[in-house]
Amino acid sequence: MKEKVIVVFGVSGSGKSTIGKLLAERLDIPFKDADDYHPQANVDKMAGGNPLNDADRKPWLETLAQEMEAWSKNSGAVLACSALKESYRKLLSQKVTPQWVFLEGSFELLKSRLDNRKGHFFNSELLQSQLDTLEEPDYGIHVSIEPSPEAIVDEIVKKL
């Protein structure tokens, strides 16, 4: 595989981290979680039950764009990131053109996953705000989150 950055994206509960880690392992490149790059103020805001706005996200996305450029010059990476709006994806693509992988799922499935996830700062009460913000792309690889994680990764690898 040519060294590059793959962004696995979708709303919370879609399995970005799970799929991203498996994909990175399969492709033998590093895995990165965009949540690790949030400033503490963003984490605190979400943990308090408040959705982030574009102003909150801008410095986070700019940092990620710089990191993506560095990753692309090295071994590449798989990045798990919500990237819900087209403007966010454009900001992330300023320095590197990543391969986009969009994880799609129903509200009911996403909510059940979030309700069963313990110890994460994002809860299911914020899910609708993400779905309202989501601008589904007409490009990239689209995969359903209903199959097993291994089957999802198989599908992504076939489409890469």
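Predicted model: local features only at pLDDT ≥ 70, side-chain atom pairs only at ≥ 80, totals over all residues.

Q: What radius of gyration does the protein chain have?
A: The C-alpha atoms fill a box of roughly 40 × 35 × 30 Å along the principal axes. A compact globule of 160 residues would have a radius of gyration near 15 Å. The protein chain agrees with that, at 15 Å.

Q: What percentage of the residues in the protein chain are buried?
A: Buried here means under 20% relative accessible area. Of the 160 residues in the protein chain, the buried share is 42%.

Q: How far apart are the mean positions of the positive and negative charges?
A: The protein chain carries 20 positive and 25 negative charges. The distance between their mean positions is 3 Å.

Q: Why do the buried residues of helix 7 line one face of the helix?
A: Helix 7 covers residues 149-159, and Ile 152, Val 153 and Ile 156 are buried in it. An α-helix has 3.6 residues a turn, so residues three or four places apart point the same way. Seen down the axis of helix 7, the buried residues line one face because they fall within an arc of 95°.

Q: Which elements do the buried residues of helix 7 pack against?
A: Ile 152, Val 153 and Ile 156 are the buried residues in question. Their packing partners are helix 1 (16-27), strand 4 (99-104) and strand 5 (141-144).

How values were computed:
Residues numbered from 1 in each chain as written. Heavy atoms only, no water. Buried < 20%, exposed > 50% of the residue type's maximum accessible area, 1.4 Å probe, protein only. Helix = DSSP H or I, 4+ residues; strand = E, 2+ residues; numbered from the N terminus. Arc of directions from axis to C-beta. Contact = heavy atoms within 4.5 Å. Rg over C-alpha atoms; globule rule 2.2 N^0.38 Å. Lys, Arg positive; Asp, Glu negative; His and termini not counted. Charge placed at Lys NZ, Arg CZ, Asp CG, Glu CD.
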